[in-house]
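Have the viewer open as you read.

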Amino acid sequence: MAALWVICHREALRFLGQRARMLAALVRPLVWLFVFAAGFRAALGLSITPPYQTYITYETYIVPGLCGMILLFNGMQSSLSLVMDREMGTMRLLLTAPLPRWWLLSCKLIAGALISVLQVYAFLAICALYGITFAPLGYVAILPALFLTALMVGALGIALSSTIKQLENFAGVMNFVIFPMFFLSTALYPLWKMAEASALLETICRLNPFSYGVESIRFALYMAPNPLAWGVCAGALIVFMALALWGYDPAKRMIGRKI
Amino acid sequence: MTGLNVENITHDWGAKRALDGVSFSVAPGQFCALLGPNGAGKSTLFGLLTRLFTPRSGRIEIAGHDVSRDPLGALSKTGVVFQQPTLDLDLSVWRNMLYFAGLHGITGRAARVAASEALDRLGMEERARERVRDLNGGHRRRLEIARALMHRPEVLLLDEPTVGLDAQTRSDLVAHVHGLATDTGLAVLWATHLTDEIWSGDRLVVLHKGRVLEQGPVPVTGAALTEHFLNLTESEGA
C-alpha cells in the first residue's frame, strides 16, 4: 500500500511539474469540442439512439467520446513514460523494489488512471461553463466507467511499453495505436453512421475495445445500464494486463536487455 | 551463509555468452572489488543480482535469501547503485528519498527518520530541499548511496559508481564506502575498471569476457595492480 501511495504521489508531482502537458491534455479535447464539433453540428444529423431519449446536438454527442480521448491520450502517455523511465534509469529503481512486479505495474496503472480521471472532470467542468451539462447524478455514475476505461487503455500502454525500445518510437505508437483506436471507435460518430459509410468500418468499430469504453461512459452519463460495454472493457483490461505482465517477466530474454 | 554468494552463474544474450560459470562470494564487512574492463559482463551480473532478469543457470544468494526462490526477501536486503543514475531530476532530494522509502514499505515518521539519517551519513542533509537537477555529479552519487542505505540492507551493490566524477570526489566516495563496510558490517560489491579504487585488504574478483580470471585478497595495489590486471587479461585475451 505504501508503494501505491508513493507512486501516485510521484505521478501527481510529475504531472503538476509539467504544466505544458497538463494544458495540452485539456486543450486537445476543447479544440475538438469548439472547432470540430461546432462545424459538424450542421453537417451531421443525429437520430434518437440509446441512451438518448431526445434529439441532441453533436456537441452533446461528442462529449463522452472526448472524455474517452482524454483517457486514451493520457493513459498512453503515462504508461509510455515507463519507456522514458527506462531510459532515465528510474525504472530499475521501481523494479528492484522488494514487491511483486504485478503489484508495481498495477500501482503505476492506478496512478496514471487517477490523473486521467481528474482531467476528465476538469474537462466536464469547462463543458458545463460552455453550456453542455448533464444530470448531476450522471457525473457520479461515470466515475467507475471512467476509471475502468482509463485502466484498460493504461494497461494497453504498459503492454506496449514493454515492447518499445526507445522514446522515439512513441510517435509510431501515436500513429498506429492511438489514432486508429480513437477514430475507429464510437467516440466521434455513432455506430449506425459508421455502418452507412462502410460495413468494414462498422465491424472495426465493433471490435475496438475503446468503443466500449466510450459507450460505457456515454450510457453512465445518462444513468443507463450497458453491461456489454462494461464486460468488454473488463475483459480487455485483463488481457492487456496479462500481456503487460508477460512483457515485464524477468525470465524473458527480451526485457532484460532493455532495462 | 550471509553476505553475497554467487554460484556458477551463466547467462547469455542470444548467441553471445555474457557470463560463464561465475562464482564468488562477499562476506559481511568485506569490500569486494569487481575489476573488469568494459564489456566484461559486470552490468549483466548486476542485472542478475538485482533480478532485473534471471540467469539461465546458477544460483545467487543475498543475506541468506535465494534470489530465484525468494526474490522479495533478497531485494529487501539489497542496496543498489546502478551505473546509470536512477534519480528523479525534477523532484527534490527529500522527495526522492521518500519515494524510495515508500517502495520499500517504509512510511510516515519512520520514512522521515530513515531519510534524514541516511542523508546525514553522507553529509547531504542540508541539501534535502534542493532539486536533484541542481546538484552536481558528486552529490547526486552521494544521494544515490544514501538512498540505497535507507532500508538498512546487508549487501550493497555499486556498479561503477564513480563514473564521471573528479579525482577528489572519487577518492572521497571510495573511502566512504570502505568505511561503511568496516563500520557497519555491510557486504560491498564495487564494480570498477579503475585499479586506484581498490585498497589493500579488499577482496578482488577479476572478471574478463564473462569469466572469473582471479579471485582472493588484493595481491598488490596502485600501479602494480594495474600491471597485474593487464597481464592477466592480455594473457587470457591472446
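A nonpolar core here is a set of buried Ala, Val, Leu, Ile, Met, Phe, Trp, Tyr and Cys residues joined through side-chain atoms within 4.5 Å, with buried meaning under 20% relative accessible area. Keep in mind that this is a predicted model. On that definition, the largest nonpolar core has 100 residues, and a second, separate one has 61.

**Cores**

- In the largest core, the residues touching the most other members are Val63(A), Leu72(A), Phe123(A) and Phe182(A), along with Leu4(B), Phe24(B) and Leu189(B).
- The biggest contribution to this core comes from helix α3 of chain A (residues 58-88), which puts in 15 residues.
- Take Leu4(B): leaving out residues up to four places away in sequence, its contacts include Phe24(B), Val26(B), Leu49(B), Ile60(B), Ile62(B), Val155(B), Leu157(B) and Leu189(B). Ser25(B) and Glu61(B) are also among the residues that Leu4(B) touches.
- As for the second core, its members include Val6(A), Ala114(B), Leu149(B) and Leu204(B).
- As general background, nonpolar side chains tend to be buried together in soluble globular proteins.

**Helix α4 of chain B**

- This helix covers residues 108-121, so to speak 14 residues in all, and spans 20 Å from first C-alpha to last, close to the 20 Å expected at 1.5 Å a residue.
- Which of its residues are buried? They are Ala111(B), Ala114(B), Ala115(B), Ala118(B) and Leu119(B).
- Looking down the axis of α4(B), those buried residues fall within an arc of 125°, so they line one face of the helix.
- Arg109(B) and Asp120(B) are exposed, on the face of α4(B) turned away from the buried side.
- The cover over the buried residues of α4(B) includes α3 (93-103) and α5 (137-148) of chain B.
- Just past the end of α4(B), Gly123(B) has a positive phi of about 65°.

**Rings and charges**

- Over all chains, the structure holds 17 aromatic pairs.
- One of them is Trp13(B) with Phe53(B): the ring centres are 4.9 Å apart and the planes sit at 70°, so it counts as edge-to-face, the cut-off being over 60 degrees.
- Trp13(B) belongs to strand β1 (residues 4-13) and Phe53(B) to the loop between α1 (42-49) and β4 (57-62), all in chain B, so the pair ties together parts 40 residues apart in sequence.
- Trp13(B) and Phe53(B) are both buried.
- Within chain A, Arg218(A) has its charged end over the ring of Tyr61(A), 3.9 Å from the centre.

Conventions. Residues numbered from 1 in each chain as written. Chains lettered and ligands numbered in written order. Predicted model: local features only at pLDDT ≥ 70, side-chain atom pairs only at ≥ 80, totals over all residues. Heavy atoms only, no water. Helix = DSSP H or I, 4+ residues; strand = E, 2+ residues; numbered from the N terminus. Buried < 20%, exposed > 50% of the residue type's maximum accessible area, 1.4 Å probe, protein only. Arc of directions from axis to C-beta. Contact = heavy atoms within 4.5 Å. Phe/Tyr/Trp six-rings, centres within 6.5 Å; stacked < 30°, edge-to-face > 60°. Lys NZ or Arg CZ within 6 Å of the ring centre and 35° of its normal.
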